[in-house]
Amino acid sequence: MVQLSDDCCNASSSLLRVEQAREIIQRNFSIAVLKKTLSLEDTENLVLAEDIIAPFSLPPHDNSAVDGFGISYADLAKMSPPYQFALQGTAKAGHVFPDPLLPFHAIKIFTGAVLPSNVDTIYMLEDCEINGDKVTVPAGLKKGSNTRQAGEDITKGQVILHQGIRLRPSHIGVAASLGLTALTCYMPLRVTIFSSGDEITRSSQMSYKKEAGRIFDSNTPMLKSLLHRLGVDVTDGGVLPDHPQTIRYKLQEASQRADLIISSGGVSVGEEDHMKAVITEIGKIDFWRLAIKPGKPLAMGYIGQIPYVGLPGNPVASFVTFAVIARFLVAQLGGERPFNLPVYNAIADFSYQKKIGRREYLRITLTRSEGILKAHKFPREGAGILTSLTNSHALAELPERLTSLSPGDPISFIPLEAIYG
Ligand SMILES: Nc1nc2c(c(=O)[nH]1)N[C@H]1C(S)=C(S)[C@@H](COP(=O)(O)OP(=O)(O)OC[C@H]3O[C@@H](n4cnc5c(N)ncnc54)[C@H](O)[C@@H]3O)O[C@H]1N2
Ligand code: MOO
């Protein structure tokens, strides 16, 4: 078992910066899933477990980019307008034209057809004039126009898909273009997710009148959905009650079939919490205080030998700590690397004051006017205001050193769609 934090990270007075937290994760956790070779069509959204080296170049031959007429550019220099050529034949895609181009001849050619030998320039069909068995081409094209060169996309021997990427439609297209029908991928990470707290219910019959103080569980359905989108094999562990024996039993049971256990709630006052006592008994738990808002408290540890992360209970804090920290752990365990969330820039249209030393994630919408992308802040910042996410496009990332923001200041943001994977 590894050391998850050093004294500095555990010290109650110091806050752990996002980069430090990610570094600890990268240092301490390694790939927890097996590899499997799967049919290409079954690999979408899985993480590639091998480098793919191009077995040949693409395109494999010089070919035409348009429907038109192919000529030898050298012939033009020996002619004067009108540039009229005798037609020699037709080169079709999927068939190799058998003969070399004759001097002062043109070959009718279709998009994708291999260039017959001596053909180096193609004129688009609609720019040419056809008279019986002759074709007149316009002046003004450069040598090589409308052709595609062998190897201009992929070079034989090149690493074309890298181990650790999550396979997107374009990657599957590239693999197919190289004739690959199977890829070796990491099997989906198995994650069991729990909510915790006596106020949390799943009961469809719950009535706010009769059961004052109770609320419906929003964290587990939301986190399950986030994990699904990342190709994770998620098991819903339900709600952990305030009952040590039940918590122990449920966590130990989950550790038999999961590669990672996530819970939400009960991390801010860990010292008096049942979770802390139980996990200390059956594994290890560290309480981190992150230098972010929302989402300061976070627990990291192991249940037996299985990695565990405890997210804060407030739904937006849960979402943000998932996006900026737990997402990195999921990537690390699932073999996805290097992993980074994309960060873009916009111009703030609002004022904001913040404390130095904490990175803040504000929920923003984005509009574009006169080519400028503007960020508008959701009016309320509370970590329990889940509709701040449904009404936003992105999380603005305000750096630790910033103390105030004015309209017109540059601002960085992570699109929610990128977090959704
Ligand atoms: N004395 C202190 N109190 C709090 C601190 C602190 O440092 N000292 N930190 C605050 C911050 S910041 C956060 S975030 C929360 C995190 O608390 P916990 O992780 O212990 O979460 P809970 O207390 O269990 O719940 C907080 C809040 O979220 C609601 N919740 C919890 N689980 C769910 C769920 N599955 N679905 C919907 N809502 C959920 C819960 O009802 C509470 O309202 O602590 C602050 N307090
Ligand atoms: O993690 Mo708490 O705000 O930061 O709700």
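I looked up Y420 to begin with, and at 22% relative accessibility it counts as partly exposed. I note here that the model is predicted.

**Aromatic pairs**

How many aromatic pairs are there? I get a count of 4. One of them is F319 with Y420, an edge-to-face pair with 6.1 Å from centre to centre and 80° between the planes. I then checked where the two partners sit: F319 is in helix α8 (residues 315-334), while Y420 belongs to the segment after α10 (416-419). The two are 101 residues apart, so I have this down as a link between distant parts of the chain. Is F319 buried or exposed? F319 is buried, because its relative accessibility is 2%.

Next I took Y344 and F413. Their ring centres are 5.8 Å apart and their planes meet at 40°, so I log the pair as tilted. Y344 is in strand β23 (residues 344-348) and F413 in strand β29 (residues 410-415), so this pair ties together parts 69 residues apart in sequence. I looked up the accessibility of both: Y344 has a relative accessible area of 43% and is partly exposed, whereas F413, with 5%, is buried.

**The six-strand sheet**

I traced an open sheet of 6 strands, and its order reads β8-β5-β7-β6-β10-β9, with mixed pairing. Which strands are at the edges? They are β8 (121-124) and β9 (129-131), each of which pairs on one side only. Ignoring direction, I find that neighbouring strands of this sheet are turned by 40° against each other on average.

I went through some of the pairings. Strand β5 (residues 68-71) and strand β7 (residues 105-109) run antiparallel and are joined by 3 bridges. On β7, I109 is the residue opposite G68. β7 and β6 run parallel, with 5 bridges between them. I109 turns up again here, as A91 stands opposite I109 in β7. Strand β6 (residues 83-91) also pairs with strand β10 (residues 134-137), in the antiparallel sense and over 4 bridges. For Q84 I find T136 in β10 as the bridge partner.

**Ligand 1**

I listed 19 residues around ligand 1, and those that come nearest are E199, D217, S218, V267 and G313. From D217, an N or O atom in the side chain is 2.8 Å from a nitrogen atom of ligand 1. A backbone N or O atom of G266 lies 3.1 Å from an oxygen atom of ligand 1, and for S268 a backbone N or O atom lies 3.0 Å from an oxygen atom of the ligand.

**Ligand 2**

Which residues surround ligand 2? I wrote down P294, G295, K296, P297, N314, A317 and A383. By class I get 4 nonpolar, 2 polar and 1 charged residues in this shell. I then looked at polar contacts. A polar backbone atom of G295 is 2.5 Å from an oxygen atom of ligand 2. For K296, the contact is from a backbone N or O atom, 3.0 Å from an oxygen atom of ligand 2. N314 uses a polar side-chain atom, which lies 2.9 Å from an oxygen atom of ligand 2.

Definitions and conventions: Residues are numbered from 1 along each chain as its sequence is written. Chains are lettered from A and ligands numbered from 1 in the order in which they are written. This is a predicted model: local features need pLDDT of at least 70, side-chain atom pairs count only at pLDDT 80 or more; totals for chains, interfaces and linings use all residues. Side-chain values use heavy atoms; hydrogens and water are left out. Rings of Phe, Tyr and Trp (its six-membered ring) pair if their centres lie within 6.5 Å; planes under 30 degrees apart count as stacked, over 60 as edge-to-face and the rest as tilted. Buried means under 20% relative accessible area, exposed over 50%, partly exposed in between (1.4 Å probe, protein chains only). Two strands pair if DSSP finds at least two bridges between them. Axes are lines fitted to C-alpha atoms, for helices over the stretch in contact, and angles run from 0 to 180 degrees between N-to-C directions. A residue is near a molecule or strand if one of its heavy atoms lies within 4 Å of it. A polar contact is a pair of N or O atoms within 3.5 Å; within protein, one must be able to donate a hydrogen and the other to accept it, and residues adjacent in sequence count only if both atoms are side-chain atoms. Ala, Val, Leu, Ile, Met, Phe, Trp, Tyr, Cys and Pro count as nonpolar, Asp, Glu, Lys and Arg as charged, and the others, Gly among them, as polar.
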